[in-house]
Amino acid sequence: MNFWEYLGSRHQQLLTDAYQHASAVFQCMVVATVIGVLIGVATYRSDWAGSVATTATSTILTIPSLAMIGLLIPIVGLGVAPTVVALTLYGLLPIVRNSIVGLRGVDSTLVDAARGIGMSRTAQLLRVELPLAWPPILTGIRVATQMLMGIAAIAAFASGPGLGNEIFRGIASLGSKNALNQVLAGTLGIVVLALLFDAAYVLIGRLTIPRGIRA
């Protein structure tokens, strides 16, 4: 059976795995984005706090993904839970770092002007600083998403969802007639999903970032 015949015979299962993979990454990115931006907002005014936040999230990223999931299994069990926790933790660094960089890069004269017209601290943050810091934050989200697309494949080790199951089945049956097809289908599926997500982020950037800021 060649690769295209394999895709034709397994397309329903592959589509299901692809949907679960994309859904897991998307949901974890939403959680990581909220947590990461909040950490950035809480720490960007202090050099010491910003360094601690960046170092802590960097340290998480140095833990091998297989080891991370293995450590989480005794705590949260098999399946979706270790996948969600691991992906969320791995997605924090680019978002935290870019949030801090973006917020620190906002022109202080604009913040002073907002304060001068009577804006509260919260209003300054929501209406001036975060909108101006959005381009680097979005870049951090894009980078984190591409990372998580690949890392999510390891979730199959803990019976998690996604295209990693196809890859692991192929590796487990090396030498069989469809082993290479399984690995190739899972790998190409992840690549296609990563490209689709990145295209969506480009569109979001065009819709949400004013042309003057993009320039």
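Seven salt bridges are counted in this protein, and the structure in which they occur is a predicted model. One of them joins E166 to R10, with 3.5 Å between the closest N and O atoms. That pair connects distant parts of the chain, since E166 belongs to helix 8 and R10 to helix 1, 156 residues apart. The protein has 215 residues, with ten helices and zero strands.

**Overall architecture**

- Along the sequence, the elements follow the pattern α-α-α-α-α-α-α-α-α-α, in keeping with a count of ten helices and zero strands.
- The C-alpha trace spans about 70 × 40 × 20 Å along its principal axes.
- Of the 215 residues, 44% count as buried.
- Among contacts between residues at least 6 apart in sequence, 75% join residues at least 24 apart.
- The accessible surface comes to about 11300 Å², and carbon and sulfur atoms account for 69% of this area.
- The protein carries 13 positive and 8 negative side chains, and the centres of these two sets lie 4 Å apart.

- Side chains of opposite charge can pair when their charged atoms come close.
- In the bridge between E166 and R10, the closest N and O atoms are 3.5 Å apart.
- E166 counts as buried because its relative accessibility is 0%, which is under the 20% limit.
- R10, the partner of E166, is partly exposed, because its relative accessible area of 28% falls between the limits of 20% and 50%.
- A further salt bridge is formed by D17 and R169, whose closest N and O atoms are 3.6 Å apart.
- Together, R10, D17, E166 and R169 are linked in a network of salt bridges.

- The side chains of D112 and R115 meet in a salt bridge, with an N to O distance of 2.8 Å.
- Both residues lie in helix 6, which covers residues 108-116, and they are three residues apart, about one turn of the helix.
- D112 counts as partly exposed because its relative accessibility is 43%.
- R115 likewise counts as partly exposed, at 44% relative accessibility.

**The nonpolar surface patch**

- F26, V30, V34 and L38 form a nonpolar patch on the surface, and their accessible area together is about 380 Å².
- L38, one of these patch residues, is located in helix 1, which covers residues 3-43.
- L38 counts as exposed because its relative accessibility of 56% is over the 50% limit.

- T145 is found in helix 7, which covers residues 121-151.
- With a relative accessible area of 0%, T145 is buried.
- Apart from residues up to four places away in sequence, T145 touches V25, M29, F197 and Y201.

**Other individual positions**

- V85 has its place in helix 4, which covers residues 80-90.
- V85 is partly exposed, because its relative accessible area of 30% lies between the 20% and 50% limits.
- V85 and V31 are 54 residues apart in sequence, and their C-alpha atoms are 9.9 Å apart in space.
- S159 is found in the loop between helix 7 and helix 8, the latter covering residues 164-172.
- The phi angle of S159 is near 60°, a positive value in a residue other than glycine.

Definitions and conventions: Residues are numbered from 1 along each chain as its sequence is written. This is a predicted model: local features need pLDDT of at least 70, side-chain atom pairs count only at pLDDT 80 or more; totals for chains, interfaces and linings use all residues. Side-chain values use heavy atoms; hydrogens and water are left out. Patches are made of residues with over 30% relative accessible area and no salt bridge: like charges are joined within 9 Å, nonpolar side chains (Val, Leu, Ile, Met, Phe, Trp, Tyr) within 5 Å. Accessible areas come from the Shrake-Rupley method with a 1.4 Å probe; for residues, only the protein chains shown count as cover. A salt bridge is a side-chain nitrogen of Lys or Arg within 4 Å of a carboxyl oxygen of Asp or Glu. Helices (H or I, at least four residues) and strands (E, at least two) are DSSP runs, numbered from the N terminus. Buried means under 20% relative accessible area, exposed over 50%, partly exposed in between (1.4 Å probe, protein chains only). Contact means heavy atoms within 4.5 Å. Lys and Arg count as positive and Asp and Glu as negative; His and the chain ends are not counted. The place of a charge is taken as NZ of Lys, CZ of Arg, CG of Asp or CD of Glu.
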